[in-house]
Amino acid sequence: MYFVMSLIWFFVGGTEALIIRMQLWKAEQSLISAELYNQLFTMHGTTMIFLVAMPMAVAFFNYLVPLQIGARDVAFPRLNALSFWIFFFGGVFLNASWLVGAAPNASWVGYANLTSTTYSPGPNVDFWVIGLSILGVSSILGAVNFITTIVNLRAPGMRLMRMPLFSWMTFVTSFVLVTAMPVIAVALVLLAFDRFFSANFFVPMAGGDPVLWQHLFWIFGHPEVYILILPSFGMISDIIPAFSRKPLFGYPVMVYAGALIGFIGWGVWSHHMFTSGLGPIADSFFVASTMIIAIPTGVKIFNWIATMWGGAIRFTTSMLFAIGLLAVFTVGGLSGVMHASAPVDLQQHDTYFVVAHFHYVIVGGVMMGIFAAFYFWFPKVTGRLMSERLGKLHFWTSLVGFNLLFFPMHFSGLYGMPRRTWTYSAALGVDLFNQLSTIGGFVFGLSAVIWVWNIVRSARRGEIAGADPWGAATLEWSIPSPPPHYNFGRLPEVRTREPLWHEDEKRDVEAATLFEPDVEPEMPGPSHWPIFVALGTAGTWALVMTGVWWVPLLGLVFTGFGVFMWAFEDPFAHVGEHHG
Amino acid sequence: MFSNRDSLPIGQGQPVTSRLPSLLRVLATLVVAALLVGACGGEYPQSSIDPKTDFAETIHHLYRLVFIWSMVILGLVWAVLAYVLVRFRERPGGARPRQTHGNLRMEIAWTIGPALIVVAIAVPTIHAVFTTQQGDPEGAMVVDVIGHQFWWEFRYPDTDVVTANELHLPVGRPVSLRIHSADVIHSFWVPMLGGKRDANPLVVRPEGDPPKYNWLHFTVREPGEYMGQCAEFCGSSHSLMGMRVIAESPGEFEAWLDDWRTSAPTEEPSPTAQELPAGLDSALVEQGREIFHSQTCVACHSIQGTNAQGQVAPNLTLLGRRTTIAAGWLDNSVEDLQRWIHAPRDVKPGALMPGVGEEGGNWPATGLTDEQVRAVAQYLFSLR
């Protein structure tokens, strides 16, 4: 469900991007108004981060982590439902702003004091503040669930240092989420008070400091980048060994590097603020911390290559995307080192060079990883293989489209085109770069259509996959595809990191996981109350928009009622019906 | 029932392996093509890699250093990757690869390697961070830069000179820009003169605390006209918030300051037809002067030596000399001035000036006729 919703938002955000690209086809063009353009780029960024990249990763967390660590389900399946429904209502609320013609228009970073009621009087920014607040709740709940699952529900013998890398990176990401989301929540609450109740946290005339917003936003915003990228790193750390038929090179170092990236990610936020005038001492600190992050990232890249070294590489679509990630993410990583150098950043900051950089990281890193993972685990979820022919077409069109789209942006940026600009002067001489980007955008859009076509087609008529189509090493491949709803017949006992690559261990594991119980293990049944509570949570925030202090309290009462009913519902009631 | 790891239905024996190197070929071709396009693409007046000041030069040196290191690493990674992909692709009937789990020594090596490169970049970076932010050099001329939605104001505190969107600077003399904003956050960026710096609104502080400005320090090396624009998203017309820096010899610069101070169009007898630029009609200029100084224009705009002393909107003294109007977005011509006066928001969404038929910035529509608009445009164009 997570995946389907985020796929829909992926196409919404993609369409927004293509309209942007059409507007930028020529200098001084006005295909759409500046106001609409500002709404489009704000919503493109917000959608792609909060409604696409994050929930897509969450979809994989939900499905795969229990399978990889040998658990029957996540620790709190109903919390999971709540988290999904809050995400659902948050996304719908945010995009409902289009229907009233007032989509958020102050960019995805929403810098104060442009977002104050003085400079953004309309409801646009209200939708943004409230939409993000709702979505933040969803992320925190999800992260708590994954941490609990990984800490408590590992199968016997599944020590932390035997967990597949994807589960490890989920673990790290969840910690980052649970600590980073509250920071943006605080910032959003402050901004909400400024907007709805005339507080002055970010109003300079009243002694508030707009730069505070930048600190709060980026203390969340930079860890957010690692929230996005670490899951993809985890995914390809499982995929590359499977298709090289060799264990991951330097497993402990890969784990530590991931954890280190997540941790240092906390100390680099002000590299987004080198132009804001923090002074040379703060600048130097953030230069150093930011550059240090390049080291564990580099180690990861070298270790992936070393995993392939001496292996027997099979070029499946999934593997191609993983290799594609290595090739293009490195470009994004290195351009990141360029603007980690504060004085250089004074030139590159807020230009298309940075736009190129972070799309290389987020599309070339995060999305390539998600594509690779999608082709890899699709057979486990559906029991059918994706078409390799369409898959390769998807890979090559996306690789070409991606580079054609984002590579020229390095040049438009270096030649002086700032980002978030509705149009640009013909004198800049950057038309050609923009045209290449626009063409690339449509090629990339086409590749996404091929992907969806492949999904639809393969889900119906794909070749039957069997339990382990790839000859992979980890637990999820020991059970049938799709897995039974209780996942494992009996919980297996794990002895190594690659249980299915050791004959004797594989035999024992399969004896346990494939055991067919006479009485199915009791699993909690579905419930309506999470939807009710999610609606209450989203509704409470939406009622804040009235600006009357007691109205949101009604939403709280509604939510409280839902929580109460949920708490006293018997989750195993349905079990009695079946077996009673 | 369960396939075992040795029966691998996918990928085996498929001819895809031969296509693999083309992945890198495609990338390489793109890079080369883009570089070529970049190299022979003509003029880039807002280029960040064409330094014209000491400050920009420092940044550019650093940029080249990081760029070269990046290319070395990228080349290395791609080369090794390409080698691995070709050399270690699966061959039909090949044996199971040796199951290695890592090699601590190698991993230490490729941790230390990048670490050394990072040091090689970080040391000159931090050096540059400090040198470029050193307080005002001796004898630096301070200019106040004030960002407004969506135009730039420049004030020379040593004199009374105030101008908008075109900053005049002397070549060869250290300059310190003292930057802030009158409304939301903007960012001052003229790439050839160096990096950008945010224009933050001044936070009201307790009595006695000095306001916190942002600074840029540099010395322009060669005369010329340099393009720049706002680099921090600041609202609907952010993309149209341009500026020009006119760098001229100290003599020309002083002359400009003098002209500004002595410019007083109403106190002087009206310029005779001969003094007017081609195409201006002295009667119309005179009519335009009367309209301008008797209408709401003067509530917001200033013209040195006249009753127009508004402080809210761009100072229009010597407007006729500017190369552009509307913060670098329109040419400075009578036609474009008319267009602007007629309907500012058609040019620039969010502009606060009222137009002929629409109110703006709490002021009612001006209701000027086309003829009157032309007169005002001619008058403004005559200010030089």
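**Entry 1**

I count two residues as in contact if their C-beta atoms, placed from the backbone, lie within 7 Å. I note that the model is a predicted one.

With that cut-off I looked up where helix H9 (317-340) of chain A meets helix H3 (residues 54-87) of chain B. From H9(A) the residues in contact are Ile323(A), Leu326(A), Ala327(A), Thr330(A), Val331(A), Leu334(A), Val337(A) and Met338(A). On H3(B) they meet Val66(B), Phe67(B), Ser70(B), Ile73(B), Leu74(B), Val77(B), Trp78(B), Leu81(B) and Leu85(B). Sorted by class, this contact has 15 nonpolar, 2 polar and no charged residues.

Which way do the two helices run relative to each other? I found that the axes of H9(A) and H3(B) come within 9 Å and cross at roughly 170 degrees. Angles over 145 degrees count as roughly antiparallel, so H9(A) is roughly antiparallel to H3(B).

**Entry 1. The whole contact between the chains**

Chain A puts 98 residues into it and chain B puts in 97 residues. On the chain A side, the elements that give two or more residues include helix H2 (34-69), helix H6 (210-244), helix H7 (251-264) and helix H12 (388-414). Helix H8 (280-308) of chain A is also one of these elements, and the largest share of that side, 16 residues, comes from H8(A). By class, the side of chain A that touches chain B has 58 nonpolar, 28 polar and 12 charged residues.

**Entry 2. Chain A by itself**

I counted the elements of chain A next. It has 17 helices and 0 strands. Along its principal axes, the C-alpha trace of chain A spans about 70 × 60 × 50 Å.

I also checked burial and found that 63% of the 580 residues of chain A count as buried. Among the contacts in chain A with a separation of 6 or more, 81% are between residues 24 or more positions apart.

I picked Phe233(B) and looked up its place. Phe233(B) is in the loop between strand E9 (224-229) and strand E10 (242-248) of chain B. Is Phe233(B) buried or exposed? The cut-off for buried is 20 or more other C-beta atoms within 10 Å. Phe233(B) has 26 C-beta neighbours inside 10 Å, so it counts as buried.

Leaving out residues up to four places away in sequence, Phe233(B) touches Ser107(A), Arg420(A) and His238(B). I also checked Arg321(B), which is 88 residues from Phe233(B) along the chain; the C-alpha atoms of the two are separated by 29 Å.

Arg420(A) has 21 other C-beta atoms within 10 Å, so it is buried. Its phi is positive, about 55 degrees, although Arg420(A) is not a glycine.

**Entry 3. Backbone points to remember**

Most residues other than glycine have a negative phi, and most peptide bonds are trans. I listed exceptions to this.

- Asn165(B), a residue other than glycine, has a positive phi near 65 degrees. Asn165(B) lies in the loop between strand E3 (162-164) and strand E4 (166-170) of chain B, and it is buried, with 22 other C-beta atoms within 10 Å.
- Ala112(A) and Asn113(A) are joined by a cis peptide bond with omega about -5 degrees. Asn113(A) is in the loop between helix H3 (77-99) and helix H4 (124-152) of chain A.
- The peptide bond from Gln149(B) to Phe150(B) is cis, with omega near 0 degrees. Phe150(B) is in the loop between strand E1 (141-148) and strand E2 (151-155) of chain B.

**Entry 4. Two domains in chain B**

Last, I looked up the domains of chain B. The domain assignment gives domain 1 (141-262) and domain 2 (282-382). The C-alpha centres of these domains of chain B lie 22 Å apart. Their contact takes 22 residues from domain 1 and 16 residues from domain 2. On the domain 1 side, the elements that give two or more residues are E2, E3, E9, E10 and helix H5 (250-262) of chain B. By class, that side has 9 nonpolar, 8 polar and 5 charged residues.

Note on methods:
Residues are numbered from 1 along each chain as its sequence is written. Chains are lettered from A and ligands numbered from 1 in the order in which they are written. This is a predicted model: local features need pLDDT of at least 70, side-chain atom pairs count only at pLDDT 80 or more; totals for chains, interfaces and linings use all residues. Helices (H or I, at least four residues) and strands (E, at least two) are DSSP runs, numbered from the N terminus. A residue is buried if 20 or more other C-beta atoms lie within 10 Å of its own, exposed if 12 or fewer, and partly exposed in between; C-beta atoms are placed from the backbone. Ala, Val, Leu, Ile, Met, Phe, Trp, Tyr, Cys and Pro count as nonpolar, Asp, Glu, Lys and Arg as charged, and the others, Gly among them, as polar. Axes are lines fitted to C-alpha atoms, for helices over the stretch in contact, and angles run from 0 to 180 degrees between N-to-C directions. Angles under 35 degrees count as roughly parallel, over 145 as roughly antiparallel, 65 to 115 as roughly perpendicular and the rest as oblique. Domain bounds come from an automatic or database domain assignment.
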